[in-house]
Structure formats: C-alpha cells, structure tokens
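My entries follow in the order in which I made them.

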Amino acid sequence: MVKRRVHVAAAAIISSDGQKALIARRPSNVDHGGLWEFPGGKLAPYETGLEGLKRELHEELGVEIRRAQPLIRVHHEYPDKHILLDVWQVHEFSGEPFGREGQAVRWVPLDELVNYPFPAANLPILQAVMLPTEYLITDEEQDEAVFDTCLERALVEDRVRLVQLRAKTLDEAAYLERAEHALALCRRHGARLLLNGEPELLGRVDADGIHLTSERLMSLERRPIAESKWLAASTHDRQQLGQAARIGCDFVTLSPLRTTPSHPEVAPMGWHDFQQLVERAAMPVFALGGMTRFDANHARAVGAQGIASIRDFWKAPEA
C-alpha cells in the first residue's frame with residue numbers, strides 16, 4: 001500500500017521572555033482528538049512551509065508572523081500516511097492569539113510541556129523547544145581553577161545553557177570531583193549539565209543527563225537512563241543516527257561538519273551532506289566540527305537545532 005504523504009507546517013510560538021510556548025488542543029472529531037499540539041496545518045498546493053504557516057496562524061489564532069526561523073523537520077510514519085512536520089520557531093508576531101475556530105489555546109511553561117499529551121509526531125518538537133541553540137563541550141583543562149573560570153565565563157558572558165563535561169584525561173575520581181564543581185556552577189546559572197561517560201555516572205553525580213560516545217551508543221540495546229534525564233550521543237553517519245533513534249536519544253551531535261585541529265585526518269561532511277542526514281534524523285541535531293556562533297543561523301537553516309563547540313565558548317583567562 002502506498003501511503004498518503006501529508007506536509008504540515010507547525011509553529012513553536014515562544015513568549016517574549018522565552019519561558020513559555022503556545023499550544024492548542026485538537027478538536028475531538030479529528031485524528032488524535034483531544035490531544036495538544038503545536039498550532040499549524042496542512043499546506044495548500046504550491047505553498048512553502050512558511051507561507052502555509054502564516055496562513056494557518058492567521059486563520060487559527062488571529063496572529064501575523066513577523067519573524068520566524070526553521071526549528072526542526074519531523075518525518076513520522078502512521079499506518080495509513082507519512083507525515084512531514086515542517087516546524088518553525090516564531091520569534092515575533094502581532095496580535096493576541098486566541099482560538100478562532102473554538103479550540104482551546106494555552107501558554108505553557110517550557111518545563112511543563114511534558115505534562116501534556118501530544119501526538120507521537122510532536123515529541124521531537126517538544127525536545128527541540130526545550131533545548132537551547134548552543135551546546136558547550138568543555139575543554140581538556142588540567143587546572144581546576146582555570147576550568148572553573150572558563151566555565152563560569154561561558155555561563156555568564158555567553159549565556160550558555162547546555163554543557164557537556166568532557167574530560168578524557170582525568171581518572172574517575174578526578175572526573176567525579178570536577179563534575180560536582182561543574183554541576184554547582186551550572187545550577188547557579190540555570191544551565192543543564194550532561195556527563196560524558198558511562199550511564200552509571202548518574203548514580204554518583206545527579207547531573208541532567210548523559211552524553212554517549214559513538215562507541216557506547218552502538219553497543220547499547222535500549223535506553224540506559226530514565227526518561228526524566230537527557231540522553232545525548234555523538235554521531236557521524238546515518239547508521240549512528242538510526243541507532244540514536246532506536247534507543248531513544250533526546251538529541252545528538254553530528255560531526256565533523258568541517259575539518260578540525262583535533263581530528264585533521266577525518267574528512268568533513270560539509271553542509272550538503274549534513275543537511276541530508278539531519279532531514280531524516282528523528283531528534284534535534286547539533287552541528288559539530290569547526291562551528292562558531294557565526295554559523296548558528298546557517299545551521300538552523302539546514303535543519304540543525306544549533307551548534308556545538310569547544311573553542312568558540314571556551315576562553316582561557318589571559319596570563
């Protein structure tokens with residue numbers, strides 16, 4: 001049976017303070033009736049995603065989009081159809097949203113979205129909405145005072161809100177001690193901390209999640225940590241992206257987009273191949289490998305959640 005292909009535009013409308021998202025309840029007489037969703041609808045023939053979204057939000061909510069940016073594209077298979085959700089993050093709009101078609105609409109704090117029932121196809125959107133656009137990977141700093149200074153500078157000056165603690169040169173005891181320091185700093189500044197290591201580390205340090213190496217990722221048969229924690233992974237190709245989806249990763253990094261000093265022997269994939277891989281990823285993807293904040297808009301335009309970087313966020317103090 002050839003499935004119907006349905007192209008839907010959806011909006012992640014974020015409040016001006018960045019703390020809430022607008023969601024709408026589906027009518028009881030349609031598929032998934034009574035569940036909540038990010039507002040939008042099917043594209044008319046020859047409409048682009050943004051054109052269709054502008055029309056839908058005017059018809060459904062009475063608002064006009066002023067500024068929007070691609071967030072994520074989600075392919076989802078139902079028994080009778082293939083859905084492509086073309087999701088845009090709406091940064092600015094005019095008008096006061098209300099349910100013009102009688103539907104309930106509600107502003108919900110981002111950390112409470114998980115308490116609302118959504119169709120399965122909306123779940124990657126939830127992850128993308130709750131994640132920031134920048135992911136700091138810490139450097140292999142030996143001096144603890146310098147490490148604390150660099151991390152605090154990134155949290156305060158660059159307002160980084162997602163951190164991976166990577167320290168391959170430390171033994172387990174030193175890593176755990178650093179993790180406790182890093183967690184305290186992240187908590188103080190409202191950032192999340194993921195540990196790069198074995199999932200069992202969460203039993204020793206109550207961080208926000210685990211970031212798996214690609215080797216650990218490929219060795220797993222199921223999700224190794226609770227759903228209440230973030231699970232991320234390093235990926236480099238389609239097979240690893242597929243494995244990340246199978247075990248329930250919440251997001252991944254995909255690299256190397258460019259040649260990097262740390263891995264000069266690895267051929268970069270470039271923007272074209274990166275976009276092709278991201279298009280079929282089942283979760284948010286951070287671009288990694290030679291990325292700077294100047295690449296953030298380009299990364300978003302080709303489907304990435306944002307950028308991951310060490311060097312662009314990690315600034316050692318001047319001597």
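**Strand β1 and its partners**

I began with β1 and strand β6 (residues 81-94), which pair in the parallel sense over 10 bridges. Pairing here requires that DSSP find at least two bridges between two strands. Strands are DSSP runs of E with at least two residues, helices are runs of H or I with at least four residues, and both are numbered from the N terminus.

I noted that this is a predicted model, in which local features need pLDDT of at least 70 and side-chain atom pairs count only at pLDDT 80 or more, while totals for chains, interfaces and linings use all residues. Residues are numbered from 1 along each chain as its sequence is written, and side-chain values use heavy atoms, with hydrogens and water left out.

I then looked up strand β4 (residues 40-42), which pairs with β1 in the antiparallel sense over 3 bridges. There, A10 stands opposite G40.

Is β1 enclosed or open? Of the 10 residues of β1 (residues 4-13), 7 are buried, so the strand is largely enclosed by the rest of the structure. Buried means under 20% relative accessible area, exposed means over 50%, and partly exposed lies in between, with a 1.4 Å probe and protein chains only.

**Residue L57**

I next picked L57, which lies in helix α1 (residues 49-61). Its relative accessible area is 0%, so L57 counts as buried. What does L57 touch, leaving out residues up to four places away in sequence? I listed A11, I13, P39, G62, V63, I65 and V90. A contact is scored when heavy atoms are within 4.5 Å. For L57 and A11, 46 residues apart along the chain, I read a C-alpha separation of 8.2 Å.

**Whole chain**

I counted 8 helices and 15 strands in the protein chain. The radius of gyration is 20 Å, close to the 20 Å that the globule rule gives for 319 residues, so the chain is as compact as a globular protein of that length. The radius is taken over C-alpha atoms, and the rule is 2.2 Å times the number of residues to the power 0.38. Along the principal axes, the C-alpha atoms fill a box of roughly 60 × 45 × 35 Å.

I recorded 51% of the 319 residues as buried. Of the contacts between residues at least 6 apart in sequence, 61% join residues at least 24 apart. The accessible surface comes to about 15,400 Å², and 50% of it belongs to carbon and sulfur atoms; areas come from the Shrake-Rupley method with a 1.4 Å probe, and for residues only the protein chains shown count as cover.

**Backbone details**

Where is P256 found? I placed P256 in the loop between β13 (251-254) and α7 (270-279). A cis peptide bond joins S255 and P256, with omega about -5 degrees.

I also checked two positive phi values. Phi of Y46, a residue other than glycine, is near 75 degrees. Y46 is found in the loop between β4 and α1 and counts as exposed at 84% relative accessibility. Phi of R159, also a residue other than glycine, is near 55 degrees. R159 is in the loop between α3 (144-156) and β9 (162-165), and it counts as exposed at 58% relative accessibility.
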